[in-house]
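Subject: Structure handover

Hello,

Here is the structure I promised to pass on. Please open it alongside this note.

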Amino acid sequence: MSVANELADQGVYFVALTAALAGWFSLGLLRADAQTCPTPQQGNNTIYANCSGSNQEVGSASFIDASLFGLPGTGTDICQRINAVLTSAGPLYPAVGAVIDARGINTSNSASSGGDLICNSNPWSGVLGPAPSVVLLPAGTIDLSAEWVLPDRTRLIGETNNVTTGAVGTTLKAVNISLPAMIEFCTAACSGVSVQNVFLNGNNLAHPGIENQHAGDLSYVDHVNFLHFQGSMTSAALHVAAGPDTQNSGPYSNLQCQPAGSGECIDFEGSSTRGVHGLTCTSTSSPAACVRLDGSNNSLQDIHIEGFVEGVVVGSNAATQDNVLIDINAGDGQGNVQNVIHIWPNTTDLNIFGLAAQSNTGDEINNMVYDQVTGTTIPGTTIPQPTATVGMYVLGNNIGHAGSGVPRFTTATVNSSSVTPTWLSGNGMPSSASGQCPVGSLYSDQTGTSGHALWLCVGPILSSTWVNLK
Amino acid sequence: VEFAKTSGFDSIRFSLSVVVGLFVLLVVRATAQNPGNNAVWSSPTMVVASSSFVDASVLPDTATSHDICERINAALWTLLQPPYGGAGVIDARGINTSNTFSAGGALPCSHSPWSNSWTHTFSVFPNAVVLLPAGTIGLQANANWVLPDRTRIIGVGSGANGTSITTIQAGSGFTGTMIQMGATTGLSSCPLINGTNICSGVAVEDLRLDGGGLGVIGIANAQSQELSYVNRVTFYRVRGTGLLVGGGTSGGSGAQNSGPYTNIRFEYPSGTPTSSTLCAWISGAPTRGIHGLTCSNSTATLPSVAVNVDSNNNSIEDIYISGFADGIDIGSNANAQGNVLLNITGNISSP
């Protein structure tokens with residue numbers, strides 16, 4: 001037999017053996033699957049399980065690693081990969097939802113430009129039917145050319161946000177100036193939509209970073225920065241729209257905002273929400289407002305403002321009622337503030353607690369409260385008094401009779417010229433000095449001395465004095 | 001010719017080894033991995049590496065002589081290497097007494113993970129989210145954790161004693177602060193911003209700090225500002241101060257706009273606190289306040305104050321205090337204007 005024939009025979013053996021082994025292995029795998037080993041699905045985490053009497057590597061559906069979806073290589077962008085998970089025909093995306101782990105996506109395995117990951121499409125584009133998800137985003141910057149429209153029960157979680165932009169934490173950057181918003185919460189009534197731990201770089205976008213027109217209960221924004229958005233009113237960096245859909249959404253918490261140009265930070269039109277808890281607004285370009293509050297039944301708490309003409313503007317575009325503002329403070333580190341709180345005429349039942357201003361130069365925070373309902377202005381910082389505080393300012397409802405006034409009470413530091421009547425108390429009779437008491441104020445002598453229990457401050461303003469009533 | 005003349009059995013053995021080798025290569029491991037990579041299935045027959053997080057339990061290697069802080073330190077180093085780019089998630093939840101140096105059922109920590117006490121020499125630390133395991137991490141003397149800029153540590157829970165939670169315990173000889181958020185000097189010093197060391201995004205969540213009855217500080221924040229917070233943390237047997245925000249009597253604006261400090265529990269169930277044992281102290285610049293705090297002292301010794309508020313513009317709400325002479329002292333050490341207190345409850349017995 002020639003060598004050639006011998007080789008040919010061995011080739012036959014090889015092919016036959018290969019086919020046999022392949023069949024055997026396939027059979028073995030199938031048999032194992034048919035017994036106890038779950039078949040791994042693309043993107044499954046790898047865990048050990050006892051299958052057919054031995055520990056084997058199997059798939060776990062605890063999360064789906066998005067870095068394995070879409071085409072291999074750097075031609076596929078991060079949004080296509082996330083979309084590929086959501087629209088996959090095999091494995092089919094679970095109807096009950098899943099955790100999509102996109103943290104393994106980086107510039108080595110996905111499309112990038114200049115060190116940034118790029119995104120040219122909405123990750124939820126073409127998703128039919130419910131697809132609840134928790135999407136974990138990677139550290140680094142993702143350049144958005146398309147708006148992200150989060151559907152019902154979608155939570156977006158970055159690795160962390162930070163104060164300055166850069167390749168740390170998770171940054172989403174707008175690179176298309178025509179985006180209607182960077183992130184939109186649903187297109188119809190929904191719930192459970194949220195964004196956490198991301199840094200939004202508007203890159204001078206004139207539209208919102210996050211817009212919520214439809215998400216209600218269990219929908220929130222937490223630990224998010226808004227940088228260089230330059231839209232105002234409904235195009236502010238964060239826009240929460242009026243209407244029943246956004247009711248019970250929030251809280252919108254732990255936010256930081258540094259707009260560009262005349263950009264405003266929050267346009268809050270929603271009513272009966274969980275409010276805004278924790279916000280810092282700083283600017284060097286004097287935008288008109290840090291927060292516009294045009295909804296009712298909301299709480300705004302723990303807010304710091306620098307460099308805006310006005311801090312919180314209440315009722316400038318709609319009638320508002322029953323809002324509570326707590327711990328609002330202003331500084332002039334980045335620029336002056338004209339009015340920390342501006343109350344427009346169609347505002348009722350507004351409660352303000354803990355209002356403060358601290359000026360480095362002395363007189364850069366002009367007014368603590370500018371109230372157009374009652375015509376009250378509580379002055380801010382001055383050269384000799386760089387710190388100003390208001391413990392409480394409560395505005396009630398107009399009782400409906402012409403000239404009957406509006407219930408209003410404040411504990412603001414008062415003097416005769418500020419004309420903000422209040423109710424004081426002390427041990428003993430009030431000072432008899434002229435021009436020291438706020439006209440219209442009451443004074444209670446809590447020692448209970450007969451005939452000196454209650455006093456009234458009467459004008460004129462510059463020579464105001466206390467008159468004993470009873 | 002020699003090959004051509006081999007027997008049929010030799011050919012079979014050769015073919016078998018080739019096929020099996022290929023099969024093993026293709027099915028089990030298809031791509032290069034780095035220690036600490038997660039493994040995921042790219043198809044029903046192929047496992048590949050993923051950089052979604054770094055598993056610290058196998059770093060720097062699997063030798064059980066490494067302590068937990070050395071493992072975390074090695075994972076921090078990994079985050080500085082490609083493809084991580086200086087930020088990422090470190091999963092240390094897989095570290096336990098079976099795979100890591102342990103003593104008495106605890107995981108000792110001989111030096112801070114954020115130090116140059118191990119193999120690697122850091123000039124900067126990555127921005128890391130560190131997931132800590134259930135169990136007790138024992139801080140030895142000088143193992144004070146000073147968290148650098150943009151670092152978050154997250155345990156598995158902060159429940160009551162004896163449950164499966166993450167406990168960081170001050171060991172014998174430990175002094176000072178258990179967890180410090182940022183610094184003005186050293187490796188973890190905060191970035192200089194207009195001449196001031198300011199950190200941001202530093203956070204501690206879901207764990208318990210056991211002071212061991214020592215006069216230590218649980219968490220101190222005098223340098224971390226925006227987006228820095230403490231959430232769901234229990235201070236247990238901390239004889240000094242549980243939570244110190246600002247510089248104490250020295251004040252300072254280093255913690256401005258930090259917080260909120262939420263869902264905090266301070267327990268002193270037995271032993272002897274001092275008259276100056278404090279649940280929490282806010283001083284210096286305005287913060288986002290404390291929202292949700294239980295201060296409970298069940299011992300016969302009555303500390304003077306549970307909470308000191310010595311700064312302006314803080315909201316203090318949902319507070320329960322038991323076993324302290326004063327619940328909240330406002331302005332006892334410095335001016336305190338424009339603060340708002342909501343829903344404060346005092347009780348003579350522990351909850």
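A residue is called buried under 20% relative accessible area, exposed over 50%, and partly exposed in between (1.4 Å probe, protein chains only). This is a predicted model, where local features need pLDDT of at least 70 and side-chain atom pairs count only at pLDDT 80 or more, while totals for chains, interfaces and linings use all residues. Residues are numbered from 1 along each chain as its sequence is written, chains are lettered from A and ligands numbered from 1 in the order in which they are written, and side-chain values use heavy atoms, with hydrogens and water left out.

Salt bridges

A salt bridge here is a side-chain nitrogen of Lys or Arg within 4 Å of a carboxyl oxygen of Asp or Glu. Over all chains, the structure holds 11 of them.

Start with chain A. Arg103(A) and Asp101(A) join their side chains in a salt bridge, at 3.0 Å from N to O. Arg103(A) is buried, at 17% relative accessible area. Asp101(A) is buried too, at 0%.

Now chain B. Arg150(B) forms a salt bridge with Asp149(B), at 3.2 Å from N to O. Arg150(B) counts as buried, with 13% relative accessibility. Asp149(B) is also buried, with 12%.

Another salt bridge in chain B links Arg237(B) and Asp210(B), at 3.0 Å from N to O. What does this pair tie together? Arg237(B) lies in the loop between strand E16 (229–236) and strand E17 (241–245), and Asp210(B) lies in strand E14 (residues 203–210), so the pair ties together parts of chain B that are 27 residues apart in sequence. Helices (H or I, at least four residues) and strands (E, at least two) are DSSP runs, numbered from the N terminus. Arg237(B) is partly exposed, at 25% relative accessibility. Asp210(B) is buried, at 3%.

The sheet in chain B

Chain B has an open sheet of 7 strands, with parallel pairing, in the order E8-E11-E15-E17-E19-E21-E23. Which strands stand at the edges? They are E8 (145–147) and E23 (326–330) of chain B; each has a single partner strand, so one side of each is left without a neighbour in the sheet. From one strand to the next, the twist averages 10 degrees. Axes are lines fitted to C-alpha atoms, for helices over the stretch in contact, and angles run from 0 to 180 degrees between N-to-C directions.

Two strands pair if DSSP finds at least two bridges between them. Strand E15 (residues 217–221) of chain B runs parallel to E17(B), and 4 bridges join them. Within this pair, Ile217(B) stands opposite Thr241(B) in E17(B).

Best wishes
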